[in-house]
Amino acid sequence: MSHDTPGSTATAAATSQQGDALENLLHENRKFAPSEDFAANAVVGAEAYAEAEADRPAFWAKQARELLTWNKDFTQALDWSNPPFAKWFVGGEVNAAYNALDRHVENGLGDRVAIYFEGEPGDTRSYTYAELTEEVKKAANAFESLGVAKGDRVAVYLPMIPEAVITLLACARIGAVHSVVFGGFSSDALRSRIEDAQAKLVVTADGTYRRGKPSALKSAVDEALANDGHTVQNVVVVKRNGQDVDWHAGRDHWWADTVEAASAEHTAVGHDSEHPLFILYTSGTTGKPKGILHTTGGFLTQTAYTHKAVFDLHPETDVYWCTADVGWVTGHSYVAYAPLINGATQVMYEGTPDSPHQGRWWEIVQKYKVSILYTAPTAIRTFMKWGRDIPDKYDLSSIRVLGSVGEPINPEAWMWYRDVIGGSGGKKNPAPIVDTWWQTETGAQMIAPLPGVTATKPGSAQVPLPGIAVDVVDENGVSVPNGHGGFLVIREPWPAMLRGIWGDPERFKETYWSRFEAMYFAGDGAKKDEDGDIWLLGRVDDVMNISGHRLSTTEIESALVSHPAVAEAAVVGAADETTGQAVVAFVILRGDAVDSGDEIVQDLRNHVGKEIGPIAKPKTILVVPELPKTRSGKIMRRLLKDVAEGRDVGDATTLADNTVMAQIAASLKK
């Protein structure tokens, strides 16, 4: 394939101008203002920005008192005397489980449904707030009877079943620190996390269901605990799919024999606002796992506020569904905690979008009349690939707010989401989309439009939320003007911020606070468009240097997905003798597109050249049947880079489908 290579000074000057054309992708002229009706009934209005700007700590103190019930009021909103270690709501005492459960029952909301659970095989359960409160009290008693006390760590290795939320809230109730390990992780990953946190108890299940087949979990726990030297004293096992399991008498206990048999009388006591709530290990790290530590008061305040504000939550009428697994931070903040703190009704689903059929999610939306849906761009692009005729078969008219999380969303995927899902049934005003940027480390949403205030823009997370000080800076830490890109930083402390890396304060400072003085560096690149709206460009590691031009993988992926034949794309930079790095793209075609070999490849290269500039044209484009994704839906570009540079593919144990790399290798040979 030909490749546009600058061969002279004149050409280099021309390609410099083409590099500037990268900004073209950010010239998004489509804007969608909230409807008058939506704006008039919005939970949070434009005045929140000014109020927060006037006095950020006072703004958060007000939210903390309005959204939470404190056992003991705090005396100071923020103590920033020892940066980067913040203390929020100093002197206050609060119980996360009481705030998520008991107080709603005491306030007469005990009969409201807290969770509608839908199992992959189609089994269902629902819990009212009164029923969920009782279950959590029983679990707290059971864990205490197994020797778990305040400050002890509990490892949680469960599927997306109600027992996962019950376990987290029971830990929070007694002041134990939960450490959830995603059920798709290997026994080695589980072992390293158990050892790092020195967990005393593991809560797991015999297994779960994965695309119609039983999938084991307890066996991985047994492998993780095979060698002596660990700190685990007991393992509690939920019977989920009835698989045979090995049993270690004295150590292993069935959930039914411990939790269900326990007393439902348990008094929640207040814990210090800065008491550790949970550790969550960031995935994909090399070497020692990095345990992100979150504490209680600040985390609860910011997750509850953002959940209410960003999704325009009306808890008495909304049915909310966040599709994230509890093994990821989204499942902590916006499944286990914020919806229950806010007294909302939510859906939990155990399975995948394509089992037993590709309309499974829309069937669930229709069944429970879901009004707020929060999911990842990966899922949206998958649905695009399958075609709109599938969601069109279902009544999705209940949907009034759509959320996106996990990675930047391509403008075309954003528009599909708005028109097909948000505009289902020919709505005059399709549901607004709130594209949210945040991280495991930030604990809660940081950048997102407010659906009753912001004129939304396809592909952009747009503006920092009230009370959040985000900026885009150059290499010297200076704010970039509108129309320019740089590094995404946070300039002021925020309530849900991580309080450190478990057991390693120096690593915390080095990882997040050493790149720019007195600023948290998120590791992400971003641009401000002409309006000052923020566009996320993915990890700084995902920026390629092509002939001296810094090109973002996200922008090239967006250009590819904007082509009518492309459902999904992943771009990596591969070593190249001539240009330093070359753009290599892997694309999945939409269901109705024809793979015409060289013709489609050339068409796609030209399309990228037109959208961005010739410098960004991929040197190689591979049409593949699937992309390598973790079970949380993140594309593992590291493995694609191995393929692009002709290396043996690295560790692929966290992939949702281990056959994907073999399929890609077969495509490459063709």
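A residue is called buried when its relative accessible area is under 20%, exposed when that area is over 50%, and partly exposed in between, with a 1.4 Å probe and protein chains only. In this predicted model, local features need pLDDT of at least 70 and side-chain atom pairs count only at pLDDT 80 or more, whereas totals for chains, interfaces and linings use all residues. Residues are numbered from 1 along each chain as its sequence is written, and side-chain values use heavy atoms, with hydrogens and water left out.

Helix α15, which spans residues 411-422, is mostly covered, with 10 of its 12 residues buried; among them are Trp414, Trp416, Tyr417 and Arg418. Helices (H or I, at least four residues) and strands (E, at least two) are DSSP runs numbered from the N terminus.

Helix α5 (residues 96-106) packs with helix α7 (residues 162-174) at an angle of about 120°, their axes lying 7 Å apart; axes are lines fitted to C-alpha atoms, for helices over the stretch in contact, and angles run from 0 to 180 degrees between N-to-C directions. In contact (heavy atoms within 4.5 Å), Ala96, Ala97, Tyr98, Ala100, Leu101 and Asp102 of α5 meet Leu169, Ala172 and Arg173 of α7.

An open sheet is formed by 4 strands in the order β21-β22-β24-β25, with antiparallel pairing, where two strands pair if DSSP finds at least two bridges between them. Its edge strands, β21 (470-473) and β25 (534-539), each pair on one side only. Strands β22 (residues 485-490) and β24 (residues 520-528) run antiparallel and are joined by 5 bridges, and Gly486 has Ala526 in β24 as its bridge partner.
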